[in-house]
Structures are given as C-alpha cells and as structure tokens.
Amino acid sequence: MATKAYRDAHKAENVAGSRAWRLANPERRKANRKAEYWADPVAARAATRAWALANPERAKQGKRSWASSHPENVRASSRKHRLKTKEKQRIQTRTWRAAHPDLVHIQKNRRRARLAGAVGSYSVQEWLALLESFGGKCGYCGSEVGIHPEHRQPLSRGGSNDIANIIPACRPCNSWKNVKTEAEFRAVMASCKTT
Ligand SMILES: [Zn+2]
C-alpha cells in the first residue's frame with residue numbers, strides 16, 4: 001500500500017526511477033510536459049517564473065542552451081524586439097517634433113545650411129533667447145502663430161547660418177519673403193501697406 005511512510009522510505013528510489021524514465025523516454029516526457037503546460041498555461045508560466053527566480057544560475061544556463069539550439073527563434077525574437085524599439089522611437093520622435101516645431105526647423109536649417117555650404121551655426125539656447133527678445137512673435141508682421149527661424153539674408157544668396165542672420169518668422173511671411181533679403185522684403189511689405 002502506498003502510505004506516506006512507504007513513500008518516504010522509497011523516496012530516493014522513486015526520484016532515481018523517474019529520472020531514469022525521463023532519460024529513456026525524452027519524446028514522451030516532452031509530450032507530457034506540453035500537455036501539462038496546456039492544461040493551465042497561466043499557472044505553468046507562473047511556476048516556471050518562480051522556479052527561475054529560485055534557481056537563477058540554472059535558469060540562465062537553460063536559457064543559454066535553449067538559445068544555442070534555437071538560433072532561428074533567437075533571430076526572430078531580436079528582430080521583433082528591434083522593430084518594437086524602432087516603433088517606440090518613431091512615436092517618441094513624432095511626439096517631440098509635434099511639440100517643438102521651431103527646434104525641428106533649426107535642425108532643417110542646419111542641414112540646409114550645410115548643403116548650401118553656408119558658414120556658422122547657432123544653438124537651441126541662442127534661438128530661444130532670440131525668440132524671447134522678439135516676445136515670441138514674427139519679426140516681420142508680429143504674428144504669434146507657427147514661429148520658426150528664418151534667414152534674414154537667404155542661404156541661397158550667401159547668407160550665413162549664424163544667429164545674427166536669424167529672425168523669428170511666421171509661415172506666411174517666410175513663404176512671401178522667399179529668397180528676398182530682409183531689406184528687400186521690408187520694402188515690399190511697406191509698399192503693400194501704403195497702396
Ligand atoms: Zn509674419
């Protein structure tokens with residue numbers, strides 16, 4: 001009879017016996033474990049987690065040996081991780097860009113200036129100080145909407161990308177000014193006002 005006393009007395013024997021059986025029947029053991037897992041996946045995962053916490057070294061070893069025998073899975077999972085990270089970064093960048101249109105413009109100006117072979121550059125701090133000195137308004141018309149850095153002397157006409165050549169401008173002024181110099185644009189604005 002399998003009383004507790006009997007079981008205790010034969011514990012070592014039983015442990016050795018089941019280990020021998022496991023070694024002799026790897027496929028059936030795998031099937032059993034699979035069935036066990038699918039009987040209650042949530043509990044099975046929790047049990048695995050608990051075991052891994054209690055046996056960190058063995059868990060690490062197990063993970064490593066699983067990884068070395070499943071290179072395809074490892075590749076797929078790191079690909080998935082990379083995509084997830086990339087998507088997260090994309091969202092972060094998009095959010096930041098939406099919140100800082102003027103700073104985005106600074107980046108664009110830097111690139112345009114570099115491509116145009118213009119000299120000079122300015123920092124975000126210099127831009128913010130300049131913007132503040134203009135009360136956050138367009139340096140041409142006084143609008144407060146969509147203000148971004150604009151080149152007084154256009155890059156295409158040899159203007160530098162130094163802060164001295166930058167003025168806060170709204171979009172309509174920027175597109176109206178286009179490749180005019182500041183002086184030319186102010187003359188056009190004045191003639192429009194008088195007529
Ligand atoms: Zn304006």
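User: Of the 13 residues of H10, how many are buried?

Analyst: Happy to start there. This is a predicted model, in which local features need pLDDT of at least 70, side-chain atom pairs count only at pLDDT 80 or more, and totals for chains, interfaces and linings use all residues. Residues are numbered from 1 along each chain as its sequence is written. A residue is buried if 20 or more other C-beta atoms lie within 10 Å of its own, exposed if 12 or fewer, and partly exposed in between, with C-beta atoms placed from the backbone. H10 lies largely in the open, because the number of its residues that are buried is 1.

User: How far apart are the end C-alpha atoms of helix H10?

Analyst: Helices (H or I, at least four residues) and strands (E, at least two) are DSSP runs, numbered from the N terminus. The expected span is 1.5 Å times one less than the number of residues. For helix H10 (residues 182–194) that should give 18 Å, and the end C-alpha atoms agree, at 18 Å.

User: In which loop is Asn178 found, and is Asn178 buried or exposed?

Analyst: Asn178 is found in the loop between helix H9 (171–177) and H10. Asn178 is not a glycine, yet its phi is positive, about 50°. Because it has 10 other C-beta atoms within 10 Å, Asn178 is exposed.

User: What is the count of buried residues in helix H8?

Analyst: Helix H8 covers residues 124–133 and is followed by Gly135, whose phi is positive, near 65°. H8 is hardly covered: among its 10 residues, the count of buried ones is 1.

User: How far apart in space are Arg112 and Asn161?

Analyst: Arg112 is found in helix H7 (residues 101–116), and it counts as partly exposed because it has 15 C-beta neighbours inside 10 Å. In sequence, Arg112 and Asn161 are 49 residues apart; C-alpha to C-alpha, the distance is 9.2 Å.

User: What is the radius of gyration of the protein chain?

Analyst: The protein chain has 10 helices and 2 strands. The radius of gyration is taken over C-alpha atoms, and the globule rule is 2.2 Å times the number of residues to the power 0.38. That rule gives 16 Å for 195 residues, so the chain is more spread out than a compact globule, with a radius of gyration of 35 Å.

User: How far apart do the C-alpha centres of domain 1 and domain 2 lie?

Analyst: The chain is divided into domain 1 (4–68) and domain 2 (100–194), with bounds from an automatic or database domain assignment. Along its principal axes the C-alpha trace spans about 115 × 30 × 25 Å. The C-alpha centres of the two domains lie apart by 69 Å.
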